[in-house]
Amino acid sequence: MTSLTSLVYMSVAVDELTDHDLVAMLREARLRNDALGVSGLLLAKDGRFLQVLEGPAWSVEDRFAAIERDPRHTEVQSLSREQIESRRFDGWAMAFGSPSDADVLDEPG
Ligand SMILES: Cc1cc2nc3c(=O)[nH]c(=O)nc-3n(C[C@H](O)[C@H](O)[C@H](O)COP(=O)(O)O)c2cc1C
């Protein structure tokens, strides 16, 4: 099996993105990710992003390099980069979540 890389980073949004901006960005991201075999998860909360990118190493690095240059966010900080045996977000060209405070407060801890 080809080895897969999983990369996690956090960043700070430069301007509050509107829902419309986010949807447009996701639509494009999903097309590119699909073409490159990248899957993952993007969370947006309180002006911060957390994203997991997974796929063949070269395609993850290609997308991360483009994402790092994106002026819509700053302080892009990679948190982990690891080899994985199988995808955790198989079938998601980029899953998206934006948990509300109510969702988060309902959880213990
Ligand atoms: C928070 C955030 C997450 C993004 N996620 C992706 C992504 O998963 N895939 C992708 O292709 N572009 C993503 N983008 C858009 C890229 O930063 C970039 O604009 C796009 O890939 C075009 O770059 P390129 O023309 O250099 O390939 C994201 C941008 C932001 C701000």
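In what order do the 5 strands of the open sheet come? Colour the strands and read across: S4-S1-S3-S2-S5, with mixed pairing. Strands (E, at least two residues) and helices (H or I, at least four) are DSSP runs numbered from the N terminus, and two strands count as paired if DSSP finds at least two bridges between them.

Before you click further, note that this is a predicted model, where local features need pLDDT of at least 70, side-chain atom pairs count only at pLDDT 80 or more, and totals for chains, interfaces and linings use all residues. Residues are numbered from 1 along each chain as its sequence is written, and side-chain values use heavy atoms, with hydrogens and water left out.

**Stop 1**

**Stop 2: strand S1**

Now pick residues 4-13, strand S1, which pairs with S3 (residues 48-56) in the antiparallel sense over 9 bridges. Step along that pairing: Thr5 has Gly55 as its bridge partner in S3, and Ser11 has Phe49. On the S4 side, S1 pairs in the antiparallel sense too, over 9 bridges; look for Tyr9 opposite Ser78 there.

S1 is largely enclosed by the rest of the structure, because 9 of its 10 residues are buried. Buried here means under 20% relative accessible area, exposed means over 50%, and partly exposed lies in between (1.4 Å probe, protein chains only).

Ser6 sits in S1 and is buried, with a relative accessible area of 0%. Show what touches Ser6, skipping residues up to four places away in sequence, and you get Val52, Leu53, Glu54, Ser80, Arg81, Glu82, Ile84 and Arg88. Contact means heavy atoms within 4.5 Å.

Then go to Ser11, also placed in S1, and buried at a relative accessible area of 1%. Leaving aside neighbours within four places in sequence, Ser11 is in contact with Gly47, Arg48, Phe49, His73, Thr74, Glu75 and Val76. Which residue's side chain makes a polar contact with the side chain of Ser11? That is His73, at 2.8 Å. A polar contact is a pair of N or O atoms within 3.5 Å; within protein, one must be able to donate a hydrogen and the other to accept it, and residues adjacent in sequence count only if both atoms are side-chain atoms.

**Stop 3: strand S2**

Move over to S2, where 5 of the 7 residues are buried, so the strand is largely enclosed by the rest of the structure. S2 and S3 pair in the antiparallel sense over 7 bridges, and Leu42 has Gln51 as its bridge partner in S3. Their hairpin has 2 residues between the strands, and Asp46 takes a positive phi near 50° there. Towards S5, 3 bridges join the two strands, which run parallel; Leu41 stands opposite Ala95.

**Stop 4: the helices and a loop**

Show helix H1 (19-36): it lies across S2 (39-45), S3 and S5, running at about 155° to S5. Helix H2 (57-68) packs on the sheet, touching S1, S3 and S4, and its direction makes about 155° with that of S3.

Next, find Phe89 in the loop between S4 and S5. Beyond residues up to four places away in sequence, Phe89 touches Ser39, Gly40, Leu41, Val52 and Glu54. From Phe89 to Pro99 is 10 residues in sequence and 18 Å in space, C-alpha to C-alpha.

**Stop 5: the ligand**

Finish by selecting the ligand.

- Arg63: a side-chain N or O atom is 2.6 Å from a ligand oxygen.
- Gln51: a polar side-chain atom lies 3.1 Å from a ligand oxygen.
- Arg69: a side-chain N or O atom is 3.2 Å from a ligand oxygen.

The protein covers 81% of the 620 Å² of accessible area that the ligand has on its own (Shrake-Rupley method, 1.4 Å probe; for residues, only the protein chains shown count as cover).

Note on methods: Axes are lines fitted to C-alpha atoms, for helices over the stretch in contact, and angles run from 0 to 180 degrees between N-to-C directions.
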